[in-house]
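Me: I am new to this structure. Please walk me through it in short steps.

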Amino acid sequence: MAIRQLSETLINQIAAGEVIERPASAAKELIENALDAGATRIEIATSGGGKALLRVSDNGSGMDAADLELAVRRHCTSKISETLEDIRTLGFRGEALPSIGSVARLSIASRRRDSAGGHEIAVAGGKIAHIRPAAANPGTIVEVRDLFFATPARLKFLKTEKAEAGAITEIVKRMAIAFPAVRFVLSGSDRTTLEFPATGDDHLARMAQVLGKEFRDNAIALDAVREEISLTGFAGVPTFNRGNSAHQYAFVNGRPVQDKLILSAIRGAYAETIPSGRHPVAVLSITLDPALVDVNVHPAKSDVRFRDPGLVRGLIVGAIREALARDGSRAATTGASDLLRSFRPGFQPNSHRPQTPWSAETSPSRPYQPTTGFGERPQASFDGLSMPTARAEPQFSPQPAVPEPNARYPLGAARAQIHANYIVAQTEDGLVIVDQHAAHERLVFEAMRKALHSKRLASQVLLIPEIIDIPEEDCDRLMLHAAELSELGLAIERFGPGAIAVRETPAMLGEVDAHGLIRQLADEIAEWDTASGLSAKLEYVAATMACHGSVRSGRRLRPEEMNALLREMEVTPGSGQCNHGRPTYIELKLSDIERLFGRS
């Protein structure tokens, strides 16, 4: 069969399969073009989940007739010249508009700010119409109708209109977070109008618009630099988590990305602080020299490749962990909100409708006669307890320590222990309820983890070294980290070109499947160029030991012990959640309590 040149239309349709996967992909490309044009106001309208209509209007620099003619042709762009090493714009490939035009009905109306009139061009199924004059405001309006009408097979792979509309909403949210100085409006017949007013340089205000007001109260600022890479943004406290990772936003030089390396680093930074199946909330912005990152990995430009991935991962993990150690011990404000909702009385119209004849004994309006709670008999069980004090005793010392004059304690003074598990403490402006087992579990774990990293861990020498056959390239990667692994108690040596000899294993792990451990470490190092797997295993063991060695639920604590626990929590990083990620305490402000009683 003879080789022949494909038609321009077919070439564009093939390219569209990579660039335009769904309506949200088209929306992303058009919004990026508007931002590159310097727009400060972008309006997006959709219908049928973006399949029937997608319109993006902006007040950017606009285009003249000559620009319009080139804009719908492949690989025509104003954003790069001769090199891919200094990309500072969101778009640069010159493929989006011709790809859209090859599979949909595309029209573009644009006018430069200094021009007396505008022009319009249309493309339908790859066929380009003649440019004509058009009435237009300064800026550009791009309208896409009947997406994939020229390639009907693609329509079968699209999801429901609601799902496609939701994907466009997610794109707009990511763009809105990245560019807080731009006003975004998303409307259409398939949705309720969503508007993000410009917030200027106040990035946290824009994040609150997108992620909710609660994020502002539960976010910790990030600001770190390592070599030539800087990281800014906000990370949520561990107890402020979600059921999926959709609330994790990452930006590289202002470009929204969904990079596996960054998402993995976020998971690693929150290890041992969030329950299984829950995900942290974070917004990270990485800034570096464009020459140190390749954004041309995929036509969709959602993935990037860093020249030094280990440096980027270490920066993210280190910055988040340092922030959590500094300010992450506080409990999420959502805990107090949930508590208030559980206390707040509600009225159900049919909940008190009598199902049986009325009687004084069963009526909800009968006079109150306490049989439990704070009646004389139940209250008598508190008589044996001494009155709590605000003294602070380190490490549960039976000898009371003298408190510092005018000392202020964020977690207050213990006032009672209820149900032999929860400590109620009074603070300056409210009260705190502490889960004693979860709190002490975290304190013990942090003490063990500190000892874990302060010296070389004890190892057990194998009587007969285990020889593991693995590919030569995996052997090379493992030997590069031999010193790091040795510090964790795992001693390895090269045993020929394609084998590793394991001579010592961490004593803390007991009997170890050396073959499985080595292969897992080799795979992890190959993917992320780190050797954190063994460290994570040891921390898991430490967390398990801490759980079994902590104050158990059901144990009565003396006031001195309760206050000592509170003081230790105040100085321990991550004490706001246990090793399994559950909150260790809930804080209730006095204003919240007064609101429950109608005082405010």
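Reply: Start with one term: a contact means heavy atoms within 4.5 Å. The model is predicted, so local features need pLDDT of at least 70 and side-chain atom pairs pLDDT 80 or more, while totals for chains, interfaces and linings use all residues. Residues are numbered from 1 along each chain as its sequence is written, and side-chain values use heavy atoms, with hydrogens and water left out.

Me: Which residues does Ile 20 touch, not counting residues up to four places away in sequence?
Reply: Ile 20 sits in the loop between helix H1 (8-19) and helix H2 (23-36). Helices here are DSSP runs of H or I with at least four residues, strands are E runs with at least two, and both are numbered from the N terminus. Leaving out residues up to four places away in sequence, Ile 20 touches Ser 25, Ala 26, Glu 29, Ser 99, Ile 100, Leu 147, Phe 148 and Arg 154.

Me: Is Ile 20 buried or exposed?
Reply: Buried means under 20% relative accessible area, exposed means over 50%, and partly exposed is in between (1.4 Å probe, protein chains only). Ile 20 has 0% relative accessibility, so it counts as buried.

Me: How many Å apart in space are Ile 20 and Ser 99, C-alpha to C-alpha?
Reply: In sequence, Ile 20 and Ser 99 are 79 residues apart. In space, their C-alpha to C-alpha distance is 7.1 Å.

Me: Which residues does Ala 27 touch, again not counting residues up to four places away in sequence?
Reply: Ala 27 lies in helix H2. Its relative accessible area is 0%, so Ala 27 is buried. The C-alpha atoms of Ala 27 and Ile 168 are separated by 6.7 Å, though these residues are 141 apart along the chain. Outside the four places on either side in sequence, Ala 27 touches Leu 54 and Ile 168.

Me: What share of contacts between residues at least 6 apart in sequence join residues at least 24 apart?
Reply: Take the protein as a whole: it has 19 helices and 25 strands. Buried residues make up 45% of its 600 residues. Among contacts between residues at least 6 apart in sequence, the share joining residues at least 24 apart is 70%.

Me: At roughly what angle do the axes of H9 and H10 cross?
Reply: Axes are lines fitted to C-alpha atoms, for helices over the stretch in contact, and angles run from 0 to 180 degrees between N-to-C directions. The axes of helix H9 (residues 260-269) and H10 come within 9 Å. They cross at roughly 35 degrees.

Me: How many nonpolar residues are in the contact of H9 with H10?
Reply: Residues meeting here include Ile 262, Ala 265 and Ile 266 in H9, and Ile 316, Ile 320 and Leu 324 in H10. Ala, Val, Leu, Ile, Met, Phe, Trp, Tyr, Cys and Pro count as nonpolar, Asp, Glu, Lys and Arg as charged, and the others, Gly among them, as polar. The contact has 2 polar and 2 charged residues, and its nonpolar count is 11.

Me: Is H6 roughly parallel or antiparallel to H7?
Reply: The axes of helix H6 (residues 161-178) and helix H7 (residues 203-211) come within 9 Å and cross at roughly 165 degrees. Angles under 35 degrees count as roughly parallel, over 145 as roughly antiparallel, 65 to 115 as roughly perpendicular and the rest as oblique. So H6 is roughly antiparallel to H7.

Me: Which residues of H7 make the contact with H6?
Reply: On the H6 side, the contact is made by Lys 173, Ala 176 and Ile 177. On the H7 side, the residues are His 203, Arg 206, Met 207 and Val 210.

Me: What is the phi of Asp 146, about how many degrees?
Reply: Asp 146 lies in the loop between strand E7 (139-145) and helix H5 (152-155). Its relative accessibility is 33%, so Asp 146 counts as partly exposed. Asp 146 is not a glycine, yet its phi is positive, at about 50 degrees.
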